[in-house]
Amino acid sequence: MIGEAEIKAAGADKAPRVTSSDLDENMEHVEYVTHASHGGQVLRWAVITTKSGYAVVGRPSVSVSPENDNEKIGQKVALENSINELWPLMGYALKEKLHTMKASIAEGGYTELDIHTHQVHEQGGMSFTFYDGKTVRVSGLDIRESKLTPRQIAVRIANAKPNEWVTL
């Protein structure tokens, strides 16, 4: 399996993508289902439940000879198989989100759904990065006193025209 370091070294991390961290964060629960066949083979499936409640299952792990069966290895293989089913689903979801974002920008602006990541800065304030790469930094105001969330503030700033005052 290709790791994050190899992807970054190749420069293949310039645009939005599904990362292994995204997969890990999306997996709410993993359940293992075990079945012993009539021939004695032990089959194991890993059922991944995502944060949205959607269940994903991959192909089972199975040893040809029951004597070679190992629960820990079988569960690891079953989990890898299920994760391999989750990758394309999350890729599709990201592609849909990017398409919706592109349409919303074309129709007049960013929405909170267009925010890809945010970061809190030690010196105060926050920065928000949108899926298209635009970054907005919010600082110099007490967000606790605002009726808007930091994400709502970032969207208002992102949608502002150059030299336009933003009312918060």
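**Fold.** I started with the secondary structure and found four helices and seven strands in the protein; helices (H or I, at least four residues) and strands (E, at least two) are DSSP runs, numbered from the N terminus. I was working from a predicted model, in which local features need pLDDT of at least 70 and side-chain atom pairs count only at pLDDT 80 or more, while totals for chains, interfaces and linings use all residues. Residues are numbered from 1 along each chain as its sequence is written, and side-chain values use heavy atoms, with hydrogens and water left out. Reading along the sequence, I noted the pattern α-α-β-β-β-β-α-β-β-β-α.

I looked up burial next: 27% of the 168 residues count as buried (under 20% relative accessible area, with exposed over 50% and partly exposed in between; 1.4 Å probe, protein chains only). For contacts (heavy atoms within 4.5 Å) with a separation of 6 or more, I found that 37% link residues 24 or more positions apart.

**Largest pocket.** I then turned to the largest pocket, which has a volume of about 900 Å³. It is lined by 36 residues, and those closest to its centre are Arg-17, Asp-22, Leu-94, His-116 and Tyr-131. For the record, a pocket is an open set of points on a 1 Å grid over the protein atoms alone, where a 1.4 Å probe fits, with protein on both sides within 12 Å along at least five of seven lines; lining residues have an atom within 4 Å of a point. Grid points are joined across faces, edges and corners, and the volume is the space filled by probe spheres set on them.

Which element gives the largest share of the lining? I found that α3 does, with six residues. The elements that each supply at least two lining residues are α1 (4-9), α2 (20-26), α3 (71-106), β5 (115-120) and β6 (126-130). By class I listed 14 nonpolar, ten polar and twelve charged residues in the lining (Ala, Val, Leu, Ile, Met, Phe, Trp, Tyr, Cys and Pro are nonpolar, Asp, Glu, Lys and Arg charged, the others, Gly among them, polar).

**Thr-50.** I located Thr-50 in strand β2 (residues 42-50). Is Thr-50 buried or exposed? Thr-50 is buried, because its relative accessible area is 5%. Not counting residues up to four places away in sequence, Thr-50 touches Asn-26, Glu-28 and Leu-86. Its side chain also makes a polar contact of 3.0 Å with the side chain of Ser-52 (N or O atoms within 3.5 Å; within protein, one must be able to donate a hydrogen and the other to accept it, and residues adjacent in sequence count only if both atoms are side-chain atoms).

**Ser-61.** I placed Ser-61 in strand β4 (residues 61-62). Ser-61 has 5% relative accessibility, so it counts as buried. A polar atom of its side chain lies 2.8 Å from the backbone oxygen of Gly-74. Beyond four places in sequence, the residues Ser-61 touches include Val-42, Arg-44, Val-77 and Asn-81.
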